[in-house]
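Please read the following note with the structure open beside it.

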Amino acid sequence: MIGRLNHVAIVVPDLLAASAVYRDTLGAVVSRPEDLPEHGVTVVFIDLPNARIELLHPLGLNSPVAKFLALHASGGIHHLCYEVEDIIAARDTLVRQGARTVGGREPYTGAHGKPVLFLHPKDFCGTLIELEQV
Ligand code: CO
């Protein structure tokens, strides 16, 4: 069902410091910070040959990553995003097997302008999973 790993999202307390680690220490190509107010995050995109890293920092009062940062002050991996061809079919198959979604069962437009859905970490090895229809 799942296809390629699309991205790994890492919540960080300081976007510029984290950008410097990836750019200067690890030698990656790092974008400028981009505010995504509708998603409550500022994001830095790091393109790797086989996937993307997204550095996330809370933006606004109701950021979905604020609580994560409160619990993990130095940051950490927030979610993995897997690509699926048909997000409704994937959801229906997973829900039928007892998987729970986070933030409702209906896919919505994610940070890349494509339909996404989140799956509960308790059902997936302790990892928040984002599905993105590509
Ligand atoms: Co994501």
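Does histidine 79 count as buried or exposed?

1. Histidine 79 counts as buried, at 4% relative accessibility. Glutamate 130, with a relative accessible area of 5%, is buried too. Buried means under 20% relative accessible area, exposed over 50%, and partly exposed in between (1.4 Å probe, protein chains only).

2. The model is predicted: local features need pLDDT of at least 70, and side-chain atom pairs count only at pLDDT 80 or more, while totals for chains, interfaces and linings use all residues. Residues are numbered from 1 along each chain as its sequence is written, and side-chain values use heavy atoms, with hydrogens and water left out.

3. The cobalt ion is coordinated at 2.0 to 2.1 Å by His7 (NE2), His79 (NE2) and Glu130 (OE). Donors are N, O and S atoms within 2.8 Å of the metal (3.2 Å for Na, K and Ca); water is not among the atoms, so sites may look incomplete.

4. The spacing of the donor residues in sequence is H-x71-H-x50-E. Histidine 79 belongs to strand β6 (residues 76–84) and glutamate 130 to strand β10 (residues 128–133), so this pair ties together parts 51 residues apart in sequence. Strands (E, at least two residues) are DSSP runs, numbered from the N terminus.

5. Strand β1 (residues 5–11) is largely enclosed by the rest of the structure, because 6 of its 7 residues are buried. Strands β1 and β6 pair in the antiparallel sense over 6 bridges; pairing requires that DSSP finds at least two bridges between two strands. Leucine 5 has tyrosine 82 as its bridge partner in β6.

6. Strand β1 also runs parallel to strand β5 (residues 52–58), joined by 5 bridges. In β5, leucine 55 is the bridge partner of isoleucine 10.

Key: Helices (H or I, at least four residues) and strands (E, at least two) are DSSP runs, numbered from the N terminus.
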